[in-house]
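Good morning, and thank you for coming. Please look at the sequence and the structure while I speak.

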Amino acid sequence: MATAGSDRENSGSPSRESALLDCHDLVRSFSIGGVDVRVVDGVGLSVEPGELVVLGGPSGSGKTTLMMMAGGMLRPDSGSVRVCGEDPYAISADRRAALRASVIGLILPTFELLPYLDAADNVAIGYRGRGGRGVATELLEQIGLAGRAGQLPGRMSAGERRRLLVARGLVHRPSLVLADEPTANLDRESAEQVIRRLRAACQGGAGVLVITHEPPQLFGADRVYRMEAGRLWISE
Amino acid sequence: MAGVVAVAVATVLLFLRIADLAADRTRIIQRDIGLNLRILPAEADLEAYWMKGYADGVIEEGLLQTVHEQDVANRLVPMLQRTVPWGEGEAILTGIGQELFARGEVLKPVFGGFEDQDDELTLGAIAAEKRGLVEGDRVSLLGHEFGIKRVLSRTGSVDDIRVYGSLVAVQRLLGMPGQLNEIRALECECGEEVEDPEAWVRSVLEPLLPGTQIIRQDRLADARRRQRILAERVATVAAPALVLLAALAVSGLAFINGRQRRAEIGLFVAVGMSAARIGAIITWRAAVLGVVGGIGGVWIGWGLVVMIGERLVGSGAGMAAGAGVHGSEILLGGLVGGVIAACGAWVPAIIAARTDPSTTLRGE
């Protein structure tokens with residue numbers, strides 16, 4: 001990190017065929033109050049199969065924007081993204097959606113849940129194929145929400161809703177999991193359940209990128225990045 | 001959403017039904033103020049006609065068909081009227097035949113309900129009151145037994161002392177088969193461009209109707225005719241405009257609703273749904289709400305017609321509303337509500353589905 005001599009800036013690492021996520025020199029600006037602000041400024045990172053990568057840094061440093069670009073959710077101004085060897089921004093919107101549906105598991109930072117669907121159905125919308133509700137119910141049990149499958153999100157606590165978001169991101173067994181603050185609002189026991197699920201995904205061969213304000217060692221991170229003012233630093 | 005569709009459909013239905021009822025009422029008003037033309041026997045004394053309320057003399061019933069073939073009036077009503085002794089007093093026995101309509105059309109009759117009264121009579125208010133008669137009573141008239149089918153409310157005219165029956169029954173009672181004393185020609189079809197409809201109709205009919213005279217009660221009928229034409233013109237503009245406004249309101253609301261659901265759509269995109277599938281989900285849901293609202297609106301509109309139609313239009317509205325909701329209205333209300341809501345929702349849904357989900361989720 002800029003202030004720590006043990007860190008170095010990372011704008012891209014050598015491309016590897018095996019990388020599930022491979023980003024190079026990503027740049028993204030937003031117009032804020034009529035002024036263009038470069039929120040992500042020449043950033044690169046990669047995530048390998050079976051690897052859990054933690055991305056830390058202060059609020060507003062560009063972590064979520066970077067993750068959105070990595071997940072095919074936000075087109076970068078420049079730079080390249082490859083997910084499982086495919087550039088999500090070089091294909092049509094529908095194919096990009098299909099790519100997300102098949103290989104990316106998104107765990108969003110805000111409570112983006114459908115208020116008219118119960119917990120199991122909210123999870124199951126991330127699943128493609130038959131029997132989604134059954135798979136969702138099983139996953140809910142694994143993250144401590146047994147018996148809550150029929151509950152509407154509006155009647156659940158913030159911690160329970162957070163775990164719903166985690167379950168939805170994992171329900172289709174994605175190759176690449178992008179989790180933005182998956183343990184926010186959770187007590188220690190619930191947070192550990194979520195981390196266990198993320199680690200289990202890694203053990204199953206998935207690559208996981210986690211944005212968090214928690215200590216990286218809590219997640220058993222294989223690599224740790226830190227963002228500050230739109231630039232990425234890798235902790236050595 | 002469904003609520004707004006219901007209100008829009010109810011408003012349209014209310015307007016259309018009220019307009020329809022108003023048109024019916026206008027026809028009845030025209031009849032009551034003397035209508036357009038009366039074809040009377042040539043020998044009838046008009047002074048006596050206005051004093052007694054009917055014409056002396058007769059015309060052959062066969063002339064009715066001659067007039068009908070000319071298609072000069074939308075409605076023809078054959079009548080036979082005579083003063084007859086009844087108990088200690090007298091009554092005007094009035095036989096009314098089935099209305100004939102121009103060009104084979106089937107219209108709502110303005111003198112309906114008498115043609116099938118072979119064994120029944122309808123009484124004017126004073127004729128009934130004077131004899132203490134009510135509906136369902138049995139009476140004897142000219143040696144024949146009749147049931148009282150209906151007692152009319154007061155009109156303040158000679159009609160209050162009439163006794164109505166079917167033309168056939170009255171011809172039989174009076175021993176005057178095949179004879180009339182009046183043909184009423186209502187709503188003459190002379191077109192707006194004809195400056196003097198009476199002269200025009202006379203020029204058509206007089207050569208064909210020997211032994212008759214044609215009178216027109218007064219100029220008020222003509223004013224009413226022009227007023228009706230004007231009202232119909234306004235209605236032909238106002239009705240589509242109202243329908244268009246309602247459609248715009250519903251589709252606009254569906255559009256706004258679609259935009260408000262951008263975060264939801266963004267979520268669908270984020271979990272990997274295609275734009276087409278998202279469009280189908282949002283549109284389908286809007287369509288279902290539109291159908292529910294449309295059908296609900298038909299019922300609400302009908303309820304409003306029942307509640308305020310009579311007050312707005314006068315007697316007769318309640319009867320028309322009592323005919324109930326038509327199946328075609330339910331079908332059309334549901335179909336139109338669904339299609340308009342779906343069309344309105346589809347555009348913002350597709351736009352949102354094709355936008356970067358990160359942007360959509362932020363609600364931008």
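Residues are numbered from 1 along each chain as its sequence is written, chains are lettered from A and ligands numbered from 1 in the order in which they are written, and side-chain values use heavy atoms, with hydrogens and water left out.

I begin with pLDDT, the predictor's confidence in each residue, from 0 to 100. Chain A has an average of 86, and 92% of its residues score at least 70. Over residues 1–5 of chain A, however, the pLDDT is below 50. Where pLDDT is low, the predicted coordinates should not be read in detail. Chain B averages 79, with 82% of the residues at 70 or above. For the complex, the predictor gives an ipTM of 0.78 and a pTM of 0.57.

How many residues of chain A are in contact with chain B? The number is 21, and they meet 21 residues of chain B; contact means heavy atoms within 4.5 Å. The buried area, which is the accessible area (1.4 Å probe) that two parts lose on being put together, summed over both, is about 1600 Å² between these chains. Carbon and sulfur atoms give 57% of that area. On the chain A side, Met73(A), Asp94(A) and Glu112(A) lose the most area to chain B, together 28% of what that side buries.

I turn now to the helices, which are DSSP runs of H or I with at least four residues, numbered from the N terminus. Axes are lines fitted to C-alpha atoms, for helices over the stretch in contact, and angles run from 0 to 180 degrees between N-to-C directions.

In chain A, the axes of α5 (residues 158–170) and α6 (residues 188–203) come within 11 Å and cross at roughly 5 degrees. α5(A) and α6(A) are therefore roughly parallel, the word for angles under 35 degrees.

In chain B, α8 (residues 262–270) and α11 (residues 327–353) have axes that come within 9 Å and cross at roughly 50 degrees.

Notes: Predicted model: local features only at pLDDT ≥ 70, side-chain atom pairs only at ≥ 80, totals over all residues. Helix = DSSP H or I, 4+ residues; strand = E, 2+ residues; numbered from the N terminus. Parallel < 35°, antiparallel > 145°, perpendicular 65-115°, else oblique.
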